[in-house]
Amino acid sequence: MVSRPIPSIPSSTRPLGNAWHTLTSQQAMSPLESDPNGLTDDKARHRQDRYGLNELKEGTVRSPWVILWDQFKNIMLLMLIAVAIVSLILDLQEGGFPKDAIAIFAIVLLNGILGYFQESRAEKALAALKNMTSPRVRVVRSGREQEQDAKDLVPGDVVLLEAGVQVPADGRLLNASNLQIREAALTGESEAIIKRPEVTLPDEASLGDRVNLVYQGTEVLQGRGTVLVTQTGMQTELGRIATLIQSVETEPTPLQQRMGQLGNVLVSGSLVLVALVVVIGLLRSGDLSLFDELLEVSLSMAVAVVPEGLPAVITVTLALGTQRMVRRHALIRKLPAVETLGSVTTICSDKTGTLTQNKMVVQQVQTFDTQYQITGEGYSPIGRILENDQAVKVEECPALEALLIASVFCNDANLNHEGSLWTILGDPTEGALLALAGKGGFDQSRLKKSSNRVAEIPFTSERKRMSVVIQACAAELLSLMPESPMMFMKGSPELVLDQCSFVQKESEVEPLTADIKQGVLAANNRMAAQGLRVLGFAMKPLEASSTENLETEEQNLIWLGLVGMLDAPRPEVRTAVAACRRAGIRPVMITGDHQLTAQVIAESLGIAQPGNAVLTGYDLTQLSTAELERTVPNVSVYARVAPEHKLRIVQALQKRGEFVAMTGDGVNDAPALKQADIGIAMGVTGTDVSKEASDMVLLDDNFATIVAATEEGRVVYDNIRRFIKYILGSNIGEVLTIAAAPLLGLGGVPLTPLQILWMNLVTDGFPALALAMEPAEPNVMQRPPHNPKESIFARGLGAYMLRVGLLLAILTIGLMAWAYRHTHAATYSGDPDTWKTMVFTTLCLAQMGHALAVRSDTQLTLQLSPFSNLYVWGAVLLTTGLQVLLIYVPIFQQFFGLYALSAIELAICFGFSSLVFVWLEAEKLFIRQAMKRAQSK
Ligand code: ATP
């Protein structure tokens with residue numbers, strides 16, 4: 001066997017070689033100057049200076065040029081470019097300065113550049129958000145286990161892997177227990193690879209065959225292992241192909257897609273309209289010399305129909321939405337979630353940690369014949385074990401003693417303290433067991449030092465139990481544990497009991513009769529009915545040789561007893577559940593815990609009422625898909641479910657037309673998270689795999705945060721609809737006004753492309769942006785969710801746009817007819833084209849009133865506090881001011897082709913435009929009256 005030499009760290013600055021699979025785990029230690037106790041903090045710091053952070057430099061998949069080019073692929077911009085070219089030709093023919101063409105080109109360019117910056121910023125922002133969920137890893141440094149950011153790992157670190165984590169760096173396995181890793185990220189192979197630390201491999205073994213190595217970015221599906229980090233950052237296998245991965249997801253949201261489609265409709269519609277105006281105009285006059293004028297009219301209409309400002313406003317609104325959500329602890333991973341969150345009709349939530357605090361405290365222990373009460377708070381191992389209010393001596397209670405020993409050995413958590421504050425590293429359930437053992441005088445580190453864990457089957461949500469085999473290696477332990485090796489098991493009481501044939505009575509072991517079993521189950525139910533999370537414990541002496549095939553040994557165990565721990569509901573969840581109900585959203589609890597525990601907690605939170613049906617995982621397996629679909633509307637609590645049941649529940653709910661948000665934290669929750677309309681992962685306790693599969697991550701694991709995010713989603717969607725109404729209504733008004741001029745026989749185009757661009761981008765753009773900041777309407781969480789598949793024009797939006805467009809057009813055309821006659825009267829002293837300036841000004845100002853009125857569908861503007869959205873008032877004042885500047889400052893006048901209006905003319909423009917505001921407010925009063933009448937009937 002030929003092995004490539006592996007340079008030792010001190011003598012070389014070259015990146016480490018990649019032949020680690022040819023070495024035993026022992027051999028791999030020496031070039032890295034590490035040992036099972038890990039590096040010292042000092043050493044790790046030095047290495048970080050040398051090797052840098054364990055990060056992948058993200059290769060953007062699209063180069064900046066491609067992003068820029070993509071901006072110009074938009075059909076509306078292409079139409080504007082065509083308009084600019086025609087307008088350029090017309091101006092050059094007439095020998096005029098091609099102002100409009102230049103302005104349009106400038107706008108197209110500006111739009112492209114703005115789009116480019118927005119898109120790159122959005123990518124950066126999403127990447128930054130992604131970093132917020134950057135994984136934490138369990139590392140051994142100076143012999144102590146600690147948690148730290150994966151980016152701080154260095155070669156030589158010793159890292160602990162468990163199911164659900166993403167491997168944080170490349171490494172050589174030191175040990176493993178049933179470790180199964182999916183390496184699809186690297187090799188494309190989706191089957192799990194079983195890892196084997198004990199082998200050494202020939203140099204030529206391919207990446208996928210190196211079963212003694214692990215690679216960054218791959219996913220631990222099952223089991224546990226300890227890894228010596230060999231390569232970090234860009235030196236890892238994944239680093240080599242870094243440009244292919246971690247691309248930030250910036251797929252267009254459904255709304256953005258629909259807006260793209262709308263662009264197509266607008267462009268084709270405007271082309272038809274242009275053709276109509278030209279043909280009708282020519283047919284009516286029969287004068288071909290009018291062609292140029294009609295073409296100009298058509299160009300203006302084409303510019304007017306395109307909502308140039310809309311894409312930017314939508315992007316900004318979605319971005320603001322994600323920021324507001326992150327402030328409320330909900331991190332959006334996929335942009336579509338922002339707008340679809342508001343449509344959620346059912347929230348399926350885990351219990352532990354999301355509805356409850358995930359701070360476990362053991363309250364009761366029940367052995368065969370004795371019930372113990374436990375005192376003490378939090379994870380502190382200081383407290384007492386009482387029997388009938390008297391402190392017990394653990395050494396005099398063999399069943400209790402064995403149960404406490406089992407709770408230390410069958411445990412992967414660590415208890416730490418700073419002063420009097422006790423914290424845990426690992427699963428809170430296991431932390432609570434360590435605290436319990438501490439109260440009985442069993443110190444975790446002492447017990448672990450005098451023993452070896454020779455085999456184990458880790459806990460999974462499917463098996464709902466964990467087994468370990470412990471070999472005593474110190475005489476002291478043999479006095480506590482009469483035989484060695486010994487199997488310890490803990491897990492869901494019913495399942496553990498099923499594996500038992502004996503029971504530990506006070507000092508002897510007796511067969512487990514059916515009566516005793518009934519007694520244990522009754523005690524389990526009694527504890528669960530108090531809302532306690534209950535675990536069962538068992539043990540079994542093993543033949544030394546029988547540790548090989550552990551699953552077959554999981555039978556004929558000795559039952560030790562039950563432990564009941566309290567995991568109090570989160571105080572804010574009750575209010576959040578009530579808010580959900582008012583908002584027409586049904587909260588559903590899906591838990592791996594016992595049905596009685598689940599029911600008590602669900603009732604205390606208002607998720608279920610006494611007497612409501614609880615469906616268990618077993619019940620689920622008995623139901624066909626059709627039966628399940630019929631059942632799901634009536635069930636709010638699912639208990640003892642496994643992750644695969646979650647998938648069936650989501651699918652059944654979706655079949656019933658529900659729009660489902662579903663939480664999950666484990667590896668096996670990923671399919672359900674992907675299937676759900678909004679998959680929600682836990683930021684604190686969630687596995688990396690579940691986060692990858694999710695649309696949103698809860699930074700605080702809290703159910704109330706889902707409700708808050710839903711509210712924000714509704715606000716975002718309402719605001720998007722609000723400014724779409726506002727912007728497109730104005731476009732319709734502009735188009736109709738322009739089309740009316742030649743049909744009324746007025747000479748010339750009332751609005752030039754330049755003026756229209758000004759309106760669409762500035763006088764409509766600023767107020768539209770301000771409307772995106774509109775706070776939640778008071779009833780936002782008091783109405784049922786909207787159908788996510790509804791068209792953006794649903795619920796009257798399309799009709800409103802047409803109505804307002806017509807209103808704007810009728811008023812402006814009325815003014816146009818009057819102004820035309822006024823400025824063509826013999827007595828008129830100004831320029832006869834002043835009527836165009838009046839039309840332009842009236843349309844702009846009318847939109848100011850519209851911006852104020854569109855803030856609420858139901859409330860009058862006077863009823864809304866101006867302070868609730870000062871931006872709108874600011875935008876209205878600013879744009880009105882800018883419009884006045886345009887009319888009176890000579891340089892702008894010339895550029896935009898305007899004429900100064902007299903005070904009376906300006907007042908008339910204000911008068912006509914304010915009618916839009918008056919009309920819209922009157923409409924609200926009318927609708928209110930109509931609704932009142934309908935209600936009283
Ligand atoms: P949820 O699904 O709401 O988070 P859960 O945490 O109770 O609820 P699981 O983690 O799947 O769901 O646990 C299911 C059952 O498995 C628990 O009720 C408990 O009896 C048992 N259990 C939980 N954690 C462990 C563990 N670390 N070791 C052994 N058994 C456990």
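**Group meeting talk: a walk through the model**

Okay, let's start at Asp701, which sits in the loop between β28 (696-698) and α26 (703-743). A quick word of caution before we go on: what you see here is a predicted model. Back to that loop. Asp701 isn't a glycine, and yet its phi is positive, about 60°. Is Asp701 buried or exposed? Its relative accessible area is 4%, so it's buried.

Now compare that with another aspartate, Asp389. You'll find Asp389 in the loop between β12 (385-387) and β13 (390-391). Phi is positive there too, near 65°, and again the residue is something other than glycine. But Asp389 has 66% relative accessibility, and anything over 50% is called exposed, so Asp389 gets that label.

Let me zoom out for a moment, for anyone new to this one. The protein has 937 residues, and 55% of them count as buried. You're looking at 33 helices and 28 strands. If you draw a box along the principal axes around the C-alpha atoms, you get roughly 120 × 80 × 50 Å.

Next up, the ligand. Where does the ligand lie? Domain 3, which is 330-354 + 571-709, gives residues to the shell around the ligand, and domain 4, which is 382-561, does as well, so the ligand lies between the two. There are 19 residues around the ligand, and the ones that come nearest are Lys351, Arg533, Thr591, Asp593 and Arg640.

What kinds of residues make up that shell? Nine are charged, six are polar and four are nonpolar. As for the elements they come from, β18 (486-491) and β21 (533-541) each bring in at least two residues. β21 gives the most to the shell, with three.

Let's get down to atoms. The side chain of Asp427 has an N or O atom 3.0 Å from a nitrogen atom of the ligand. Over at Ser461, a polar side-chain atom is 3.1 Å from an oxygen of the ligand. How much of the ligand does the protein bury? On its own, the ligand would expose 600 Å², and the protein buries 92% of that.

On to a couple of helices. α10 covers residues 310-327, so look for 18 residues there. From first C-alpha to last, α10 reaches 26 Å, close to the 26 Å you'd expect at 1.5 Å a residue. Its buried residues are Leu310, Val313, Ile314, Thr317, Leu318, Gly321, Thr322, Arg324 and Met325. As a reminder, an α-helix has 3.6 residues a turn, so residues three or four places apart point the same way. Keep that in mind when you look down the helix on screen. Just past the end of α10, His329 takes a positive phi, about 75°.

The other helix is α27, residues 753-763, and here 10 of the 11 residues are buried. Among them are Leu754, Ile756, Trp758, Met759 and Val762.

Asn414 is in strand β14, residues 414-418. Its relative accessibility is 17%, so Asn414 counts as buried. Its side chain makes a polar contact of 2.9 Å with the side chain of Glu145.

Then there are two serines. Ser380 is in the loop between β11 (371-374) and β12. Ser380 has 13% relative accessibility, so we call it buried. How far is Ser380 from Trp422, in sequence and in space? They're 42 residues apart along the chain, while their C-alpha atoms are 5.3 Å apart.

The other serine, Ser445, is part of helix α14, residues 444-449. At 38% relative accessibility, Ser445 comes out as partly exposed. The side chain of Ser445 has a polar contact with the side chain of Asp443, at 2.9 Å. And if you pick Ser445 and Ser624, 179 residues apart in the chain, you'll find 50 Å between their C-alpha atoms.

That's my tour. Over to you for questions.

Methods
Residues numbered from 1 in each chain as written. Predicted model: local features only at pLDDT ≥ 70, side-chain atom pairs only at ≥ 80, totals over all residues. Heavy atoms only, no water. Helix = DSSP H or I, 4+ residues; strand = E, 2+ residues; numbered from the N terminus. Expected span 1.5 Å × (residues − 1). Buried < 20%, exposed > 50% of the residue type's maximum accessible area, 1.4 Å probe, protein only. Near = heavy atom within 4 Å. Polar contact = N/O pair within 3.5 Å; in protein donor to acceptor, adjacent residues only side chain to side chain. Areas by Shrake-Rupley, 256 points an atom, 1.4 Å probe, with all protein chains shown as cover. Nonpolar A, V, L, I, M, F, W, Y, C, P; charged D, E, K, R; others polar. Domains from an automatic or database assignment.
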